[in-house]
Amino acid sequence: MPLVLTEIRGHLGIITLNHESKRNALSKTMVDGITTALADFRARKLRVAVLRAPPGAKVWSAGHNVDELPESRRDPLGWDDPLRYLIREIEIFPAPVIAMVEGGVWGGACETAFACDLIVAAPSATFAITPARLGVPYNIAGMLTFLNASSLRIGKEMAFTAKPISAERAERLGMINYVVPSEDLERFTVALAEDIAANAPLSVGVMKEQLRILAGAHPMSPQGFERVQGLRRLVYDSDDYQEGILAFKEKRKPQFQGK
């Protein structure tokens, strides 16, 4: 069974995450499937893409495949990490990408959803930024994705507590666009996509790129960048990072020591 399913409806392309046994974790193989589908949609000049899980999913995606993260002494979220590649492909895709969300959205999957241009969620959807549970140092680009999706205080709350927020609260805070009853989710999302597809595709694509560039226009000095990278190295070189990864694999609660 393929990990990613695709469907084309007129100007709309739909990508379905299809690895329920692994809670749609964003493994390299899964990411390759998604990016291949996006490349196909680009070649076909489709005007909207939808990223979803199967109907009724309890977990939209569990985020990073932790089994693929290094256990120590190497940046777990570097430029060539599969998730980083996926985020870039969503952001530079020349047409809007809509996340259609049911169930839990965890860690790197939360960033993936927030990287999409619009988010339509069922009431069952929850969003959690979970690196602190694993002792993982999130990277600069990922933190910027969270900051662009939320206020600074909400981003801090989600990052520090690692607790999920509900779809209703996320909509109220402007982090997602719509909360729609589960039975209407697909119909509503497709109708929204068709509204977008009816507009001039070059105009929509250019405005998406303009907004992407403006959203990333946060100047940082070389010293500031080096400081942030140095802080991240403190984490992924730590005993806590190794403990977080091992505890996850051993299905136990980690015992963090702050060193």
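1. Charges. The mean positions of the 31 positive and 30 negative charges of the protein lie 3 Å apart. Lys and Arg count as positive, Asp and Glu as negative, and His and the chain ends are not counted. Each charge is placed at NZ of Lys, CZ of Arg, CG of Asp or CD of Glu.

2. Basis. This is a predicted model, in which local features need pLDDT of at least 70 and side-chain atom pairs count only at pLDDT 80 or more, while totals for chains, interfaces and linings use all residues. Residues are numbered from 1 along each chain as its sequence is written, and side-chain values use heavy atoms, with hydrogens and water left out.

3. Overall build. The protein has 11 helices and 10 strands. Its radius of gyration is 18 Å, close to the 18 Å that the globule rule gives for 259 residues, so the protein is as compact as a globular protein of that length. The radius is taken over C-alpha atoms, and the rule is 2.2 Å times the number of residues to the power 0.38. Helices (H or I, at least four residues) and strands (E, at least two) are DSSP runs, numbered from the N terminus.

4. Burial. Buried residues make up 47% of the 259 residues. Buried means under 20% relative accessible area (1.4 Å probe, protein chains only).

5. The sheet. Six strands form an open sheet in the order E1-E2-E3-E5-E7-E10, with mixed pairing. E1 and E10 (178–179) stand at the edges with a single partner strand each, so one side of each is left without a neighbour in the sheet. Two strands pair if DSSP finds at least two bridges between them.

6. The hairpin. E1 (residues 4–9) and E2 (residues 12–17) run antiparallel, joined by six bridges. Two residues separate them, and Gly 10 in the turn has a positive phi of about 65 degrees. Glu 7 has Ile 14 of E2 as its bridge partner. Ile 8 stands opposite Gly 13 in E2.

7. Strand E2. Six of its six residues are buried. Leu 12, Ile 14 and Thr 16 point one way; Gly 13, Ile 15 and Leu 17 point the other way.

8. Parallel pairs. E2 and E3 run parallel, with five bridges. Leu 12 is partnered by Val 48 in E3. E3 (residues 48–52) also runs parallel to E5 (residues 97–101), through four bridges. There, Ala 49 stands opposite Val 97 in E5.

Methods. Buried means under 20% relative accessible area, exposed over 50%, partly exposed in between (1.4 Å probe, protein chains only).
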